[in-house]
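Keep the sequence and the 3D view side by side. The walk below goes from pockets to a helix contact and ends at a pair of rings.

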Amino acid sequence: MNTKLIPLDYVNNLVYELEKAFWDERGRGARFRMTTVGREFYTEKVVPLLHSPDLEEILKTVRDVLQNEGIVGSVVYEQEDRLLRIRVEGCLHRKVEEKMAAHGIEPWTCVPANLIVLAIEEKLARPVELAEIKVAEDGCHLLLVIFDHHPSLA
């Protein structure tokens with residue numbers, strides 16, 4: 001078994017190149033194919049700790065996992081009706097977003113946001129959309145929209 005650690009810059013460069021290639025192929029449509037990236041991590045690390053269908057508890061659980069695993073420094077959130085505003089500081093993947101921005105591509109995917117979306121959709125059975133990602137000095141600002149129910153075709 002190889003126990004050598006892989007440098008974070010190496011991993012983030014690979015993630016950037018994969019994201020960039022996907023963006024070059026699909027443009028804005030790529031965004032809707034990336035929403036479940038992180039599902040295996042979610043299943044292994046978050047699901048065993050999700051016990052409550054309370055939104056506040058769901059958010060705390062995901063935040064704690066992200067912080068305990070060293071993925072982010074902090075996650076701050078506030079809810080206003082259907083809108084969930086989240087600030088993620090110290091994310092391991094921020095350099096990927098910075099490289100995308102340097103090539104004129106707005107942020108379009110976020111693994112911490114995906115984990116939150118997966119948890120809300122699973123525990124509350126409510127669809128969630130990642131509406132916006134803004135990279136700022138104080139972290140990434142995410143805007144999620146939580147819908148009341150899944151749309152019906154009837």
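**Pockets, helices and rings**

The largest pocket is lined by 20 residues, and Val 37, His 93, Cys 110, Val 111 and Pro 112 lie nearest its centre. A pocket here is an open set of points on a 1 Å grid over the protein atoms alone, where a 1.4 Å probe fits, with protein on both sides within 12 Å along at least five of seven lines; lining residues have an atom within 4 Å of a point. This is a predicted model: local features need pLDDT of at least 70, side-chain atom pairs count only at pLDDT 80 or more, and totals for chains, interfaces and linings use all residues. Residues are numbered from 1 along each chain as its sequence is written, and side-chain values use heavy atoms, without hydrogens and water.

The volume of the largest pocket is about 380 Å³, counted as the space filled by probe spheres set on the points. Helix 1 (8-26), helix 4 (94-102) and helix 5 (111-124) each give two or more residues to its lining. Helices (H or I, at least four residues) and strands (E, at least two) are DSSP runs, numbered from the N terminus. By class, the lining has 14 nonpolar, three polar and three charged residues. Ala, Val, Leu, Ile, Met, Phe, Trp, Tyr, Cys and Pro count as nonpolar, Asp, Glu, Lys and Arg as charged, and the others, Gly among them, as polar.

The second largest pocket holds about 230 Å³. Of its 16 lining residues, Thr 35, Val 117, Val 128, Glu 129 and Leu 130 are closest to the centre. Helix 5 and strand 3 (128-136) each give two or more residues. Helix 5 gives the most, with four.

Now turn to helix 2 (residues 39-46) and helix 3 (residues 55-68). Their axes, lines fitted to C-alpha atoms over the stretch in contact, come within 11 Å and cross at roughly 100°. That makes helix 2 roughly perpendicular (65 to 115 degrees) to helix 3. Phe 41, Lys 45 and Val 46 of helix 2 meet Thr 61, Val 62 and Val 65 of helix 3 in this contact (heavy atoms within 4.5 Å).

Finally, the structure holds two aromatic pairs, with ring centres within 6.5 Å. In one of them, Phe 22 and Trp 108 have ring centres 6.2 Å apart and planes at 50°, so the pair is tilted (neither stacked, under 30 degrees, nor edge-to-face, over 60). Phe 22 is in helix 1 and Trp 108 in the loop between helix 4 and helix 5, 86 residues apart.

Conventions: Axes fitted to C-alpha atoms, helices over the stretch in contact; angles between N-to-C directions. Parallel < 35°, antiparallel > 145°, perpendicular 65-115°, else oblique. Phe/Tyr/Trp six-rings, centres within 6.5 Å; stacked < 30°, edge-to-face > 60°.
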